[in-house]
Amino acid sequence: TGVNVDAFQRPACLPPPPYTGAIKGRPQAVYMGHLYDYKGIPSILEAAAHGRDIDFQLVGGRDEDVARVRGLVEEASLENVFVHGRKSQSEIPPYLWHADLLLLPPSLNHPSARWTSPVKLGEYLASGAPVVATSIPALRDWLSDHEVEFVTPDDGQALLAGIRRVLQEPERASALSARGVALAKEWSYTARARRILTAAGF
């Protein structure tokens, strides 16, 4: 994986929050990416159903998937779930900067669980927000419990428990964020290019 750290690192002065409909004072759990089931959307919706004191912001997805997930949200009366749809790359960082935590919950029941290396992982870490991720083999190859809060995949209750741990343990959340930022810098395109040139003898 790789990341444009300069685009996603948290600025000293944040722009206004981009969330619409969020309840003031509620924690903001943010997911960015496609809305396919194997990306963990069912687990997010289950967590939201049992954690209605937390706002869940979903950013991204194809139009048809946005419509489908909005239908599920309406059917389950999940007033704490906001589906924003696709955004341009330049619009994404503020959604991450204003998050209390970021969600990366891919399913174990999909072939990609063995090999995925999502670009958004680097963007998440660079943003400085703590990450709650599912413990699948591919993510375990990239990360440890020192950089993210790992939870059982395909289990909305476990996802919610991980969210609450991060919210209730600010010192751990801060430590996860700091280590995540440091790891993102190692994954930056500049750092990767430097390592390639060094290996090539330049």
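**Helices, pockets and local backbone features of the predicted model**

In helix α8, the buried residues, meaning those under 20% relative accessible area, are Ala173, Leu176, Ser177, Gly180, Leu183 and Ala184. Because they cover an arc of only 130 degrees around the axis, they lie on the same side of α8, the arc being that of the directions from the helix axis to the C-beta atoms. An α-helix has 3.6 residues a turn, so residues three or four places apart point the same way. On the other side of α8, Glu171 and Ala178 are exposed, a term that stands for over 50% relative accessible area, with partly exposed in between, for a 1.4 Å probe and protein chains only.

The structure is a predicted model, in which local features need pLDDT of at least 70 and side-chain atom pairs count only at pLDDT 80 or more, whereas totals for chains, interfaces and linings use all residues. Residues are numbered from 1 along each chain as its sequence is written, and side-chain values use heavy atoms, with hydrogens and water left out.

Helix α7 has 13 residues, and the 18 Å from its first C-alpha to its last is close to the 18 Å expected at 1.5 Å a residue. Its buried residues are Gly156, Ala158, Leu159, Leu160, Gly162, Ile163 and Val166, and what covers them includes α2, β2 (55-59), β4 (101-104), β5 (131-134), β6 and α8. Helix α5 is largely enclosed by the rest of the structure, because eight of its nine residues are buried. These buried residues are Lys120, Leu121, Gly122, Glu123, Tyr124, Leu125, Ala126 and Ser127, and α5 is followed by Gly128, whose phi is positive, near 90 degrees.

Ser43, which lies in α2, is buried, with a relative accessible area of 9%, and, when residues up to four places away in sequence are not counted, Ser43 touches Asp154, Asp155, Gly156 and Leu159. His50, also placed in α2, counts as partly exposed at 47% relative accessibility. Apart from neighbours within four places in sequence, His50 is in contact with Gln157, Leu160 and Arg164; His50 and Gln157 are 107 residues apart in sequence, while their C-alpha atoms are 7.5 Å apart in space.

Backbone angles were considered next. Most residues other than glycine have a negative phi. Asp154, although not a glycine, has a positive phi of about 60 degrees; Asp154 is found in the loop between β6 and α7 and is partly exposed, with a relative accessible area of 37%. Ser77, likewise not a glycine, has a positive phi of about 55 degrees. Ser77 is located in the loop between α3 (63-75) and β3 (81-85) and, at 46% relative accessibility, counts as partly exposed.

Grid points are joined across faces, edges and corners, and a volume is the space filled by probe spheres set on the points. The largest pocket holds about 320 Å³ of space and is lined by 17 residues, of which Met32, Gly33, His34, Gly60 and Gln89 lie nearest its centre. Two or more residues of this lining are given by each of β1 (28-32) and α5, and α5 provides the largest share, three residues. By class, the lining of the largest pocket has five nonpolar, six polar and six charged residues, where Ala, Val, Leu, Ile, Met, Phe, Trp, Tyr, Cys and Pro count as nonpolar, Asp, Glu, Lys and Arg as charged, and the others, Gly among them, as polar. The second largest pocket has a volume of about 180 Å³, and its lining has eight nonpolar, two polar and two charged residues, including Tyr31, Tyr38, Trp115 and Lys120.

Note on methods:
Helix = DSSP H or I, 4+ residues; strand = E, 2+ residues; numbered from the N terminus. 1 Å grid on protein atoms, 1.4 Å probe; cavity = no way out; pocket = protein on both sides within 12 Å on 5 of 7 lines; lining within 4 Å. Contact = heavy atoms within 4.5 Å. Expected span 1.5 Å × (residues − 1).
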